[in-house]
Amino acid sequence: MAVDVLLGLQWGDEGKGKIVDVLSAGYDLIARFQGGPNAGHTLEFDGKKFVLNTIPSGIFFENTMNLIGNGVVIDPITLKKEIDKLKDAGHDLLAKKNLVIAKKAHLILPTHQLLDAASEKKMGDGKIGSTLKGIGPTYMDKTGRNGLRVGDTAMPDFKERYQKLVDKHVSMLTALYGEVADFSEREQAFFEAVELINKFQLVDSEHFVNDYLKQGKKVLAEGAQGTMLDIDFGSYPFVTSSNTTTAGACTGLGVAPNKIGEVIGIFKAYCTRVGSGPFPTELDNETGEELRRIGHEFGATTGRPRRTGWIDLPALKYAIMLNGVTQMVMTKADVLSGFDKIYACTHYTYLGQQIDYMPYDICCVEAKPVLKEIEGWNEDLTGITELSQIPAKLQWYIDYLEKELGVPIKYLSVGPDRKQTLVLH
Ligand code: GDP
Ligand code: IMO
Ligand code: MG
């Protein structure tokens, strides 16, 4: 058995949560492999809506286990909030025993968030536009070999190690930024949340996942963020601090590369980005606002308005190459229904030449999109359930994208609800 991977091909918020939920019934285990509560994965079914930050999107299926992998960074306070909220909605994860947490996952401390905020403030206009969840500083401590891991919380010297790291953070905040906000309340909440986390089964994710595979069970790795936010290959420095690509699933769970099966790449029928950084197809105009309004493009985690633009084929081709995508999902096709004409970026004009790849210096040299005009379908898609109901012009768009990108679009999403999903192949 192999691990299938589902991940975003753009700048995040492609609809990963919805599609993982749709696919969950067919998997025994859903495993988050990177990122942290910077993610906001939205699921809708039976008239209910849930936003998950740290918990995998398979949590609503009776027979599906969920793992927060070693590559994830966990803010215990946010995780507790998620767990409590789900319990209030009738999903008691402790009772159901359908969530396990990797001992090797790193912990986000209250002071990591202070460092994130102070660093962003100091950068002024050059800021990353981080979600302020402490992601960058936590991964810095991980690679700097200072971090605290979930498994450490059960050790007798946990409090001393915590204090040592906090003291270091306080010194950094004082020396670099000259201020340390009061975090005593969050500190108390942190330790309360750690207690709750310790009631869950804590595992070695590498053994946990490989045992599932040995038993012939099906595993889906759930990505967070998107390929263009990958720490190595995204629009650096305007990226997140983890590998959001397929390779991240190997290191973020402890799975060998030859155990990766299908790679399901998900993209919106257009494009969005939240936070700073280059976005070649951005529509900084009324059309962009229209896309934001119709697509409800506001961050699931921070509520910030998302920047919007047309689909970017060079960026998608790059993402497909990096991830080894074998099948794709197109979401939010319904949002384009109100547009007479839509556009796809086929190339960039960069330093006077036409190119079809992401240039290294995209953060400082303009890559102007070359746009192809496409007829819109102008029909409401949100109620369609049969392939025969797909408007001819939308079918043309699907065929065009499959031909350009060289990968089949297996699923088409036409609304936020679990049911608003069509299998195309
Ligand atoms: P994720 O981070 O990739 O899981 O995506 P988000 O949940 O942050 O953002 C996707 C948003 O689009 C959520 O509000 C979803 O409920 C919604 N959504 C997902 N698929 C569709 C779709 O096909 N059509 C529409 N209109 N909304 C969708
Ligand atoms: P999901 O999983 C969209 C963006 C932030 C910022 C940059 C760095 O819901 O798709 P960070 O807090 O990670 O240091 O911020 O990355 N970002 C996301 N954008 N969706 C996400 O997650 C994101 N997670 C981080 O806006 O530009
Ligand atoms: Mg999101």
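How many residues surround ligand 2, and which are the closest? The points below begin with the answer.

1. Ligand 2 is surrounded by 21 residues, and D13, K16, H41, T131 and T240 are the closest of them. A residue counts as near a molecule or strand if one of its heavy atoms lies within 4 Å of it.

2. This is a predicted model, in which local features need pLDDT of at least 70 and side-chain atom pairs count only at pLDDT 80 or more, while totals for chains, interfaces and linings use all residues. Residues are numbered from 1 along each chain as its sequence is written, chains are lettered from A and ligands numbered from 1 in the order in which they are written, and side-chain values use heavy atoms, with hydrogens and water left out.

3. Ligand 2 has oxygen atoms close to both backbone and side-chain atoms of the protein. A polar backbone atom of D13 is 2.8 Å from an oxygen atom of this ligand, and a backbone N or O atom of V274 lies 3.0 Å from one. In the side chain of R304, an N or O atom is 2.9 Å from an oxygen atom of ligand 2. On its own, ligand 2 has 550 Å² of accessible area, of which the protein covers 97%; accessible areas come from the Shrake-Rupley method with a 1.4 Å probe, and for residues only the protein chains shown count as cover.

4. Oxygen atoms of ligand 1 are 2.8 Å from a backbone N or O atom of G17, 2.8 Å from a polar backbone atom of G40 and 2.9 Å from a polar backbone atom of K332. The protein covers 93% of the 580 Å² of accessible area that ligand 1 has on its own.

5. The whole structure holds 21 salt bridges, each a side-chain nitrogen of Lys or Arg within 4 Å of a carboxyl oxygen of Asp or Glu. One of them joins D21 and R418 at 2.7 Å, N to O. D21 lies in helix α1 (residues 16–24) and R418 in the loop between β19 (409–413) and β20 (421–423), so this pair ties together parts that are 397 residues apart in sequence. D21 is buried, at 1% relative accessible area, whereas R418 is partly exposed, at 23%. Buried means under 20%, exposed over 50% and partly exposed in between (1.4 Å probe, protein chains only).

6. Within helix α10 (residues 286–294), E290 and R293 are three residues apart, about one turn. Their side chains form a salt bridge at 3.2 Å, N to O. E290 is partly exposed, at 33%, and R293 is exposed, at 53%.

7. R306 and E297 form a salt bridge at 2.7 Å, N to O, and both residues are buried. Salt bridges with shared partners join D13, K268, E297, R306 and K332 into one network.

Note on methods: Helices (H or I, at least four residues) and strands (E, at least two) are DSSP runs, numbered from the N terminus. A polar contact is a pair of N or O atoms within 3.5 Å; within protein, one must be able to donate a hydrogen and the other to accept it, and residues adjacent in sequence count only if both atoms are side-chain atoms.
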